Amino acid sequence: MTLHGDVTHESAKNAMVAAVPTPAEAAELEAMYATMAKENMIPLWTQLDELMPIAPAPAAFPHVWRWNTLLPLAERAGDLVPVGRGGERRAIALANPGLGGRPYATPTLWAAIQYLGGHEMAPEHRHSQNAFRFVVEGEGVWTVVNGDPVRMSRGDFLLTPGWHFHGHHNETDSPMAWIDGLSLGEPGPGATLVNGSLPAVVRWAAGRGAEPGGPITATRDGEQLTGALTPPRWI
């Protein structure tokens with residue numbers, strides 16, 4: 001491709017190539033790089049190919065997790081692992097085979113199947129990552145986000161903004177299973193994830209078969225709250 005007159009990308013690139021440094025210059029460069037490293041600095045020109053490659057070189061590759069494999073394993077986890085033992089969430093991450101066993105579906109997405117048994121509750125917590133939930137099996141579970149209850153049914157897709165308290169409540173006799181996703185990239189060395197739990201769990205209940213707009217009650221720190229049911233929506 002011609003940029004201007006007879007100048008092409010290739011000729012412009014060649015014109016920018018510096019001469020091979022002399023031994024004295026090489027020694028000065030090494031000394032400078034050592035000083036930069038001591039000050040926790042890295043020059044861009046030594047990292048450019050890794051940071052901004054000419055073509056993508058992903059470690060992850062396409063993989064299919066089949067529901068008829070995921071669901072029985074999630075059901076077995078429901079039998080053996082109480083929600084509390086699972087660290088507030090009985091979620092089983094989908095690990096891309098190309099990422100060396102790390103729990104990420106892609107380098108920029110953590111995804112999992114979450115299973116909530118009948119009359120179980122995943123208590124309120126929050127984290128800095130945005131989240132989505134796509135319901136595959138079940139009816140009658142509620143997600144409460146910052147005190148706002150939203151019904152979850154098969155086929156629903158819900159979004160939860162980062163740093164919003166949220167919990168899941170199953171008021172039915174039957175389990176529910178859904179796909180969780182977090183905007184959580186594969187962390188590098190020393191990465192820290194931010195999350196928190198609500199000191200006082202919000203508990204709420206609605207009559208079975210309740211319709212949107214119907215009454216709902218909740219308690220927080222012993223205080224009874226009242227409100228109305230809302231249909232599934234983007235949150």
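Is Asn40 buried or exposed, and with what relative accessible area? The first view below gives the answer. The model is predicted: local features need pLDDT of at least 70, side-chain atom pairs count only at pLDDT 80 or more, and totals for chains, interfaces and linings use all residues. Residues are numbered from 1 along each chain as its sequence is written, and side-chain values use heavy atoms, with hydrogens and water left out.

**View 1. Asn40 and His119, two non-glycine residues with positive phi.** Asn40 is exposed, with a relative accessible area of 72% (buried is under 20% relative accessible area, exposed over 50%, partly exposed in between; 1.4 Å probe, protein chains only). Asn40 lies in the loop between H2 and H3 and has a phi of about 60°. Helices (H or I, at least four residues) and strands (E, at least two) are DSSP runs, numbered from the N terminus. His119, with a phi of about 65°, is found in the loop between E4 and strand E5 (121-127). His119 is partly exposed, at a relative accessible area of 48%.

**View 2. The nonpolar surface patch.** Leu29, Met32, Leu44, Trp45, Leu48, Leu51 and Met52 make a nonpolar patch of about 700 Å². Patches are made of residues with over 30% relative accessible area and no salt bridge; like charges are joined within 9 Å, and nonpolar side chains (Val, Leu, Ile, Met, Phe, Trp, Tyr) within 5 Å. Accessible areas come from the Shrake-Rupley method with a 1.4 Å probe, and for residues only the protein chains shown count as cover. Helix H2 (23-38) and helix H3 (48-51) each supply at least two residues of the patch. Leu51, which lies in helix H3, is exposed, with a relative accessible area of 56%.

View 3. Phe132 stands opposite Leu159 in E9, and Arg133 stands opposite Leu158. The covered face of E9 carries Leu158 and Thr160, whereas Phe157 and Leu159 belong to the uncovered face.

View 4. Ile113 is buried, with a relative accessible area of 2%. Not counting residues up to four places away in sequence, Ile113 touches Trp67, Leu70, Leu71, Ala74, Arg90, Ala91, Ile92, Ala177, Trp178 and Ile179. Ile113 and Ala74 are 39 residues apart in sequence, yet their C-alpha atoms are 7.3 Å apart in space.

**View 5. Salt bridges.** A salt bridge is a side-chain nitrogen of Lys or Arg within 4 Å of a carboxyl oxygen of Asp or Glu; the count by this rule comes to four. One of them joins Arg133 and Asp180 (3.0 Å, N to O). Arg133 lies in strand E6 and Asp180 in strand E11, so this pair ties together parts that are 47 residues apart in sequence. Arg133 is buried at 4% relative accessible area, and Asp180 counts as buried at 5%. Another salt bridge is formed by Glu137 and Arg154 (3.9 Å, N to O). Glu137 lies in strand E6 and Arg154 in the loop between strand E8 (148-153) and E9, so the pair ties together parts that are 17 residues apart in sequence. Glu137 is partly exposed at 29% relative accessibility, while Arg154 is exposed at 54%. In helix H4, Asp79 and Arg76 are three residues apart, and thus separated by about one helical turn; the closest N and O atoms of their salt bridge are 3.9 Å apart. Asp79 is exposed at 60% relative accessibility, whereas Arg76 is partly exposed at 48%.

Definitions and conventions
Two strands pair if DSSP finds at least two bridges between them. Contact means heavy atoms within 4.5 Å.
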